[in-house]
Amino acid sequence: MRRRLMSEHQGSIDAAMAVLDDFMSSLNASDEAGVNRSFNFPHVRFTGGGDVKVFPEPGDYKLSYFRERTETDGWHRSDWDRRDVIHAGSNKVHFDTQFSRYRADGSIIGSYTSIYITTHVDSKWGIQARSSYAL
């Protein structure tokens with residue numbers, strides 16, 4: 001039954017997966033506008049430290065927010081380790097993910113489990129909410 005439900009929404013899954021790809025590419029390229037394009041707003045982030053950050057409008061997410069949390073570790077890039085679909089529908093896909101952060105020399109900073117919720121709003125797929133154990 002679960003497999004049939006997933007296949008019924010394969011188009012949504014593919015579109016949502018592409019948004020996750022765009023987000024990671026933009027983050028690694030330090031492309032703030034690209035990161036914002038990969039979100040739907042308001043965008044919500046639940047942090048590993050227990051904070052909840054809400055970014056109400058496009059452009060509200062600043063890469064400086066990310067850099068404040070990663071610069072002391074020597075962050076250079078991040079990559080997805082896994083992206084498994086939890087639930088999928090015509091206008092929303094939930095992912096169980098893990099990503100890793102790396103230094104320029106390729107050494108790993110850490111790996112973090114997370115949940116990403118992508119939504120289809122106003123004819124656009126975007127990441128609406130994230131919850132991870134990363135700071």
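Reader: What makes Arg 82 and Asp 96 a salt bridge?

Author: In this predicted model, the closest N and O atoms of Arg 82 and Asp 96 are 2.9 Å apart. The cut-off is a side-chain nitrogen of Lys or Arg within 4 Å of a carboxyl oxygen of Asp or Glu, so the pair is called a salt bridge. Arg 82 belongs to strand E3 and Asp 96 to strand E4, 14 residues apart, and the pair thus links distant parts of the chain.

Reader: Why do Arg 82 and Asp 96 count as partly exposed?

Author: Arg 82 has a relative accessibility of 27%, and Asp 96 is likewise at 27%. Buried requires under 20% and exposed over 50%, so a value in between is termed partly exposed.

Reader: Which residues are joined into one network with Arg 82?

Author: Salt bridges with shared partners join Arg 82, Asp 84 and Asp 96. By the rule applied, the count of salt bridges comes to five.

Reader: What makes Asp 31 and Arg 37 a salt bridge, and how is the exposure of each residue classed?

Author: Their closest N and O atoms are 3.7 Å apart, and the limit is within 4 Å, so the term applies. Asp 31, at 28% relative accessibility, is partly exposed. Arg 37 has a relative accessible area of 55% and is therefore exposed, the threshold being over 50%.

Reader: Which partners does Arg 77 have?

Author: Arg 77 forms a salt bridge with Asp 79, with the closest N and O atoms 2.0 Å apart. The charged end of Arg 77 also sits over the ring of Tyr 102, 4.2 Å from its centre. Arg 77 counts as partly exposed at 29% relative accessibility, and Asp 79 is also partly exposed at 29%.

Reader: How many aromatic pairs are found, and why is the pair of Tyr 61 and Tyr 65 called edge-to-face?

Author: A search of the whole structure finds 11 aromatic pairs. The ring centres of Tyr 61 and Tyr 65 lie 5.7 Å apart, and their planes stand at 85 degrees. Tyr 61 and Tyr 65 are buried. Arg 69 lies over the face of Tyr 65, at 4.4 Å from the ring centre.

Reader: What makes Trp 80 and Phe 99 an aromatic pair?

Author: The centre-to-centre value for Trp 80 and Phe 99 is 6.4 Å, with 90 degrees between the planes. The limits are within 6.5 Å for pairing and over 60 degrees for edge-to-face, so the pair receives that name. Trp 80 lies in strand E3 (residues 75-88) and Phe 99 in strand E4 (residues 92-103), 19 residues apart. Both Trp 80 and Phe 99 are buried. They are members of one aromatic cluster that also includes Tyr 61 and Tyr 65.

Reader: How do you know whether Ser 132 is buried or exposed, and which residues does Ser 132 touch?

Author: Ser 132 has a relative accessibility of 7%; the threshold for buried is under 20%, so Ser 132 is buried. Ser 132 is placed in strand E6 (residues 124-132). Leaving aside residues up to four places away in sequence, Ser 132 touches Arg 45, Phe 46, Thr 47, Gly 48, Phe 99, Thr 113 and Ser 114.

Terms used. Residues numbered from 1 in each chain as written. Predicted model: local features only at pLDDT ≥ 70, side-chain atom pairs only at ≥ 80, totals over all residues. Heavy atoms only, no water. Phe/Tyr/Trp six-rings, centres within 6.5 Å; stacked < 30°, edge-to-face > 60°. Buried < 20%, exposed > 50% of the residue type's maximum accessible area, 1.4 Å probe, protein only. Helix = DSSP H or I, 4+ residues; strand = E, 2+ residues; numbered from the N terminus. Lys NZ or Arg CZ within 6 Å of the ring centre and 35° of its normal. Contact = heavy atoms within 4.5 Å.
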